[in-house]
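Here are my notes on the model. Please read them with the coordinates open.

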Amino acid sequence: MGGIDRIVRIIIASIISILYWQGVIEGVFAYTLFAVAGIFVLTSLISFCPIYTILGLNTCSVKKQ
């Protein structure tokens, strides 16, 4: 997972948290978005997304030797 992808995921998770804190989202919808935000943060921290592997995507710009 590339650096920009990781930053975007953290920003989206932060926006979800702010929307909940402001009372914009609530209930089941908020909990669902919190689950998505948690997955985004987790995958950002470990720099690996299982869905990318399944789809064959790679956002990391590291050159293979």
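1. Start with the exposed side of α1: Ile4, Ile7 and Trp21 are exposed there. Exposed means over 50% relative accessible area, buried under 20%, partly exposed in between (1.4 Å probe, protein chains only). Helices are DSSP runs of H or I, at least four residues, numbered from the N terminus.

2. This is a predicted model; local features need pLDDT of at least 70, side-chain atom pairs count only at pLDDT 80 or more, and totals for chains, interfaces and linings use all residues. Residues are numbered from 1 along each chain as its sequence is written, and side-chain values use heavy atoms, without hydrogens and water.

3. Which residues of α1 are buried? They are Asp5, Arg9, Ala13 and Ile16. They cover an arc of only 70 degrees around the axis, so they sit on the same side of α1. The arc is taken from the directions from the helix axis to the C-beta atoms. An α-helix has 3.6 residues a turn, so residues three or four places apart point the same way.

4. The buried residues of α1 pack against α2 (27-46) and α3 (50-55); contact means heavy atoms within 4.5 Å.

5. There is one aromatic pair. The ring centres of Tyr20 and Phe34 are 4.9 Å apart and the planes at 65 degrees, so the pair is edge-to-face. Ring centres must lie within 6.5 Å; planes over 60 degrees apart count as edge-to-face, under 30 as stacked, the rest as tilted. Tyr20 lies in α1 and Phe34 in α2, so the pair ties together parts 14 residues apart in sequence.

Conventions:
Helix = DSSP H or I, 4+ residues; strand = E, 2+ residues; numbered from the N terminus. Phe/Tyr/Trp six-rings, centres within 6.5 Å; stacked < 30°, edge-to-face > 60°.
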